[in-house]
Amino acid sequence: MIPGAFEYHRPSDTASAVSLLQSHGDEARVIAGGHSLIPMMKLRMAAVEHLIDLQDCQDMKGISVDGDAVTIGAMTTQHDLIESKILADAAPILHEAALQIADPQVRYMGTVGGNVANGDPGNDMPGLMQCIGAVFTVLGPNGDREIAARDFYEAAYTTAREDDEILTQIRFTAPKGGYAYEKQKRKIGDYATAAAAVLLTKEGGTVASASIAMTNLSDIPVWSEAAAQALVGGACDADSVKAAVAAMLEDIDPSEDNRGPVEFKRHVAGIVLTRAIERAWSRA
Amino acid sequence: MSKQHIKFTVNGEEKDVLAEPRELLIHTLREQLNVTGPHIGCETSHCGACTVDIDGKSVKACTLFAIQANGTEITTVEGIGSPDDLHPLQKAFREHHGLQCGYCTPGMITRAYRLLQENPSPTEEEVRFGMAGNLCRCTGYQNIVKSILAAADEMNGVKEAAE
């Protein structure tokens, strides 16, 4: 499997990468870890004339935690996320999710920015970022702008990012309370049949706040306010978990593929959400 | 789209190759440099037979353009040990029947090498988790895990004896 020919660029900073994108228009694509793009190029499902390699853009790497403000450079790899002690303390849900992405080799290369920017419904980070209320920074010819993860996804592989913009960083407030990222997959390295990201806070034995997002159950991630609302104020008992699952099932829209028919996916969605809520509650 | 010079170190030797940007690293290694330890298995980033070590990371060489590795240090199974001086992992795979057909073995050993650099005393569960990107269709993995745990013991023993 040999991809079509392309010209290779390796800019030394993000601003130069943006000007390359501008000058080559829709013939250009940026490459981070490349573990989504290169397989597509090998299958000739992606044709790229100009490949802009971001690996030297040091300004897009690294994790910083300042109080409860967390910033992650887009070129930070899943391996870096897993290894980061400060991130595991500030946002353990990211650690838990990153461990469930792909396999060790892919995690050394795959980046969090690529995962959120690609718009692949199978990626885990988009739903997670909606759950925690992250904000993405994109850099374009007119400078930076910020887009909430909850407003970023428009359709499969279509996002609010313009073609001449690069997603450079992710910001969020360190989540409080209990958390869980629960994923069902056929095998290591597969995308989710269904996955759920859950955050819960507890006050006096009841759920004070909740946020729930689902992965690979629609052509975009599903942040289900109704599911979260079904938990708030209750004691997170079996009935309220059932109500949350029922509300979530109203919001998802899975389609049949080689991971199973629609009914099976809805069944799995209910199970992963139940497990995620129970685990998050036990940690709240 | 013409060929470009790419420089990197392979098993300690500096190499300068000419390749089109679209050439995958696994092809450069095998076809231009005759480094045939890394194998082409699935060619779709799943099986791990092509695993090489690049600047301290285990990487599937079928999912990287050679030009992306410009300036890096690459280690393949050939650089980990030699027939006269086997690495403890290679010895352990032989002693514990960690291979049958041997096709996945270069990737297994190269990945296990990095795993033990990062975690010199892994539990069985950590070995299984850390080796999840490498597929073997012969052994059922039991003896691969056994080999890696034995190699870790051997390497830790050698270290302790030296102290």
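Predicted model: local features only at pLDDT ≥ 70, side-chain atom pairs only at ≥ 80, totals over all residues.
**View 1. Chain B and its overall build.** Chain B holds six helices and five strands, which follow one another along the sequence in the pattern β-β-α-β-β-β-α-α-α-α-α. Its radius of gyration is 16 Å, close to the 15 Å that the globule rule gives for 163 residues, so chain B is as compact as a globular protein of that length. Along the principal axes, the C-alpha atoms of chain B fill a box of roughly 50 × 35 × 25 Å, and buried residues account for 50% of its 163 residues. Of the contacts in chain B between residues at least 6 apart in sequence, 55% join residues at least 24 apart.

**View 2. Cysteines of chain B without a disulfide.** The closest cysteine sulfur to that of Cys101(B) belongs to Cys138(B) and lies 3.8 Å away, which is too far for a bond because a disulfide requires two cysteine sulfur atoms within 2.5 Å. Cys104(B) is likewise in no disulfide, the nearest cysteine sulfur, that of Cys136(B), being 3.9 Å away. Cys101(B) is exposed, at 59% relative accessibility, whereas Cys104(B) is buried, with a relative accessible area of 12%. Over all chains, the count of disulfides is zero.

**View 3. Helix H12 of chain A and its cover.** Helix H12(A), residues 262-283, has 22 residues and reaches 32 Å from its first C-alpha to its last, close to the 32 Å expected at 1.5 Å a residue. Its buried residues include Val268(A), Val272(A), Leu273(A), Ala276(A), Ile277(A) and Trp281(A). The elements of chain A that cover the buried residues of H12(A) include strands S11 (178-185), S12 (192-203) and S13 (206-215), together with helices H10 (225-231) and H11 (238-251).

Notes
Residues numbered from 1 in each chain as written. Chains lettered and ligands numbered in written order. Heavy atoms only, no water. Buried < 20%, exposed > 50% of the residue type's maximum accessible area, 1.4 Å probe, protein only. Helix = DSSP H or I, 4+ residues; strand = E, 2+ residues; numbered from the N terminus. Expected span 1.5 Å × (residues − 1). Contact = heavy atoms within 4.5 Å. Rg over C-alpha atoms; globule rule 2.2 N^0.38 Å.
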